[in-house]
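Please look over the sequence and the model shown here. The report that follows goes through its surface, its overall form, and a few single residues.

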Amino acid sequence: MHRTHSDIKFGVWVMPENKMSGMLETFLTYIIPDEKELLWNYAQTAFIPI
């Protein structure tokens with residue numbers, strides 16, 4: 001959520017189109033901008049599941 005200077009709240013809800021297989025996390029990986037790909041690759045290697 002984002003709050004504007006005039007104190008208006010603004011938010012966006014992203015819904016998958018229900019045609020691709022996978023979880024919401026899978027869908028979100030498709031919308032990562034190319035310039036953030038290096039950061040995403042690092043995040044995947046640094047994550048250690050509990």
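## Surface and overall form

The chain has an accessible surface of about 5,200 Å², and 63% of this belongs to carbon and sulfur atoms. Accessible areas come from the Shrake-Rupley method with a 1.4 Å probe, and for residues only the protein chains shown count as cover. This is a predicted model, in which local features need pLDDT of at least 70 and side-chain atom pairs count only at pLDDT 80 or more, while totals for chains, interfaces and linings use all residues. Residues are numbered from 1 along each chain as its sequence is written, and side-chain values use heavy atoms, with hydrogens and water left out.

The chain holds 2 helices and 2 strands, in the order β-β-α-α from the N terminus. Its radius of gyration is 15 Å, well over the 10 Å that the globule rule gives for 50 residues, so the chain is more spread out than a compact globule. That radius is taken over C-alpha atoms, and the rule is 2.2 Å times the number of residues to the power 0.38. Helices (H or I, at least four residues) and strands (E, at least two) are DSSP runs, numbered from the N terminus. Along the principal axes, the C-alpha atoms fill a box of roughly 40 × 30 × 25 Å.

Of the 50 residues, 2% are buried. Buried means under 20% relative accessible area, exposed over 50%, and partly exposed in between (1.4 Å probe, protein chains only).

## Single residues

| Residue | Relative accessibility | Class |
|---|---|---|
| Arg 3 | 45% | partly exposed |
| Val 12 | 64% | exposed |
| Asp 34 | 70% | exposed |

Arg 3 and Asp 7 join their side chains in a salt bridge (3.0 Å, N to O). A salt bridge is a side-chain nitrogen of Lys or Arg within 4 Å of a carboxyl oxygen of Asp or Glu. The whole structure has 1 salt bridge. Asp 7 sits in the loop between β1 (2-3) and β2, and its phi is positive, near 65°. Most residues other than glycine have a negative phi.

Val 12 lies in the loop between β2 and α1. Asp 34 is in the loop between α1 and α2 (37-46). Its C-alpha atom is separated by 27 Å from that of Thr 4, 30 residues apart along the chain.

## Confidence

The mean pLDDT of the chain is 81, and 96% of the residues score at least 70. This score is the predictor's confidence in each residue, from 0 to 100.
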